[in-house]
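Dear colleague,

Please find below the structure that I am handing over to you, followed by an account of what was found in it. I would ask you to keep it in view while you read.

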Amino acid sequence: MIKAIRYSQFGKAHEVAELIELPDPGIPGEGEALIDVEASPINPADLLQFEGKYGAAPPPLPVMAGGEGIGIVRAVGAGVTHLKPGDRALLLFAGRGNWRSSLIAKAAKLFALPTGVDPLQLAMLTVNPPTAMLMLQNFAKLNSGDWVIQNAANSGVGHSVIALAKRRGLRSINVVRRTELAAELQALGADSVLVDGPDLPARVKALTGNDALPKLAIDAVAGDATGRLAQSLAEGGVVVNYGMLSGQPCAMPPGDVVFRDISLRGFWLARWFATAGPDEMRNVYGELTRLIADGTIHVAVEATYPLERIRDALAHAAREGRRGKILITPGR
């Protein structure tokens, strides 16, 4: 038997998560790989899934939990030549339900990761870094020296935005809720850290000057925070929303939409997975893997938990004031 995480009702993740046993997945068939799960981060999307608030519609219950992560290939089936036992592979391409001891996946969607790289950092490769990269490059034409602004800057995506913006020669304004986060983010390369508040647009204008306001805002919070970002942008700017940490709909002042041509766009990585070609995906993940390997992208880890302590892990991940990600480590 193997251990896995499931939920049979919607609610707070740490209240509804269940540790269950499942039959051993057995021997991989043709074109398949058997993988021992090594590590998986708890992302905001995972917490929302437990509440039935993520995606176009709630999934049918019960649901096997867990998204991105990494695992070690234990065996491969007939016809699999690009993977071998001992390789480390990303799990999200195997589908969801990855918070378990081991699983069988279609090998065609998997690829071996480089050796000698921190496995906990690789476990956080699939979702947050490409989300940051694609939002930075796909929604506004940005030149070296331009400002970008983001909220929830202390998140995993936020850390990646800081690193990738710095690498492109962009300057980042990073909005947080607590003053004490400033030193940490500046050490990562943040050019400016501002505490959110009603006067945020005025402080952004004072920082950048009216002629150099950001063209792009990245919003993980929604609610009134979306409007404050919109008011901080140059005319014709774009707010890209990818999260709803506030639990509220995005709210933008009509004056910014009508008279300043500020637009609101959404980004969902799952949609990119569904539309991107294999070459584009290989290029994106190849570059991001190199940036993790050389330390350009690095996300702080606050704690790791075994599957047996899943409720403690989920409660910790939902806690305010964290200084890093929480990961589940079935195989460590």
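Please note that the model is a predicted one.

Strand 9 covers residues 171-176 and runs parallel to strand 8, residues 147-150, to which 4 bridges join it. Both strands belong to an open sheet of 6 strands, paired in parallel and ordered 10-9-8-11-12-13. At its edges stand strand 10 (192-195) and strand 13 (263-266); each has a single partner strand, so one side of each is left without a neighbour in the sheet. On average, neighbouring strands of this sheet are turned by 20 degrees against each other, direction ignored.

Helix 8 (residues 224-231) lies across strand 8, strand 11, strand 12 and strand 13, and runs at about 170 degrees to strand 11.

Finally, let us return to strand 10, in which Ser192 lies. Is Ser192 buried or exposed? Its relative accessibility is 9%, and the limit for a buried residue is under 20%; Ser192 therefore counts as buried. Apart from neighbours within four places in sequence, Ser192 is in contact with Trp147, Ser172, Ile173, Asn174 and Leu207.

Yours sincerely

Conventions. Residues are numbered from 1 along each chain as its sequence is written. This is a predicted model: local features need pLDDT of at least 70, side-chain atom pairs count only at pLDDT 80 or more; totals for chains, interfaces and linings use all residues. Side-chain values use heavy atoms; hydrogens and water are left out. Two strands pair if DSSP finds at least two bridges between them. Helices (H or I, at least four residues) and strands (E, at least two) are DSSP runs, numbered from the N terminus. Axes are lines fitted to C-alpha atoms, for helices over the stretch in contact, and angles run from 0 to 180 degrees between N-to-C directions. Contact means heavy atoms within 4.5 Å. Buried means under 20% relative accessible area, exposed over 50%, partly exposed in between (1.4 Å probe, protein chains only).
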